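Please find below a colleague's note on the model, arranged as numbered points.

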Amino acid sequence: MGEAPLLNGNRLRFVRRVIIKWYEKSGRDFAWRITSNPFQILIAEMLLRRTTAAAVSRIYEKFIGRFDSLERLAKARKSTIERALSTVGLQTMRAHHMKQMARILLTEHNGVVPNDLASLEALPGVGRYAAAAVMNFAFGASEPLADGNVVHLMNRLFSLGISGPTDNAIWEFMRTFAESQDKRLYWGIIDLVSTTCLRRNPRCNICPLSCSCDFYTANPK
Ligand code: SF4
């Protein structure tokens, strides 16, 4: 990882501001972004782990309408949950995890989603990113967040050379970069990668970050 970008606070602040501003103008609307219900946010983050936001958005509202409580999810037949998830894939594993998650929350957490990173991360089908996402988006915590989108964009902007979200360096970097809790920053990163900083053909000509991007500086188009 290069050191200069990490130490350049002004540049980090500038990039952060640009992403948030871009998100406010061009970010996407998803149902899980307008709720503060921890259960609904947890379900969304479990689905988003291995599936695009666009695909999740096609089933999400119907799913949380049908399984609108931990009790209903815990009592549902696994095959019923699987059918509800069939269009987003991995339905066998996801239905299993969701039932297990609901049972654990009912029996070990008094039927509420815990406001606690370690407890969230220990739930089946959740993991580090989804747990931190729930802490940020449902409880207003300032937990760093790093997934493939974050690694991709930060690598391009700052030449970090980080291999993936399992590398602790990106989590440490995001702790500095995010500075404080702001949902718009993370949602902006996700949406920029989905619409602009594409992996194969980045659309640098319309990107608000081109004036501060290492990749663009090295590959001007
Ligand atoms: S300028 Fe290009 S490479 Fe850099 S962040 Fe924007 S789209 Fe990605």
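1. Confidence. The average pLDDT of the protein chain (pLDDT being the predictor's confidence in each residue, from 0 to 100) is 92, and 97% of the residues score at least 70. Residues 1-7 fall below 50 in pLDDT, and this stretch has 11 contacts in the model beyond near neighbours in sequence; two residues are in contact if their C-beta atoms, placed from the backbone, lie within 7 Å. The model is a predicted one, in which local features need pLDDT of at least 70 and side-chain atom pairs count only at pLDDT 80 or more, while totals for chains, interfaces and linings use all residues. Numbering starts from 1 along each chain as its sequence is written.

2. Fold. The protein chain contains 13 helices and zero strands, where helices (H or I, at least four residues) and strands (E, at least two) are DSSP runs numbered from the N terminus.

3. Dimensions. For 221 residues, a compact globule would have a radius of gyration near 17 Å, and the 18 Å of the protein chain agrees with this; the radius is taken over C-alpha atoms, and the globule rule is 2.2 Å times the number of residues to the power 0.38. The C-alpha trace spans about 55 × 30 × 30 Å along its principal axes.

4. Contacts. Among contacts in the protein chain with a separation of 6 or more, 62% join residues 24 or more positions apart.

5. Domains. An automatic or database domain assignment gives the bounds: domain 1 covers 4-29 + 143-218, and domain 2 covers 31-139. Their C-alpha centres lie 26 Å apart. In domain 1, 12 residues are in contact with nine residues of domain 2. The side of domain 1 that touches domain 2 has seven nonpolar, one polar and four charged residues (Ala, Val, Leu, Ile, Met, Phe, Trp, Tyr, Cys and Pro count as nonpolar, Asp, Glu, Lys and Arg as charged, and the others, Gly among them, as polar).

6. Helix α10. Nine of the 11 residues of α10 are buried, including H152 and R156; a residue is buried if 20 or more other C-beta atoms, placed from the backbone, lie within 10 Å of its own.

Terms used: Buried ≥ 20, exposed ≤ 12 C-beta atoms within 10 Å, placed from the backbone.
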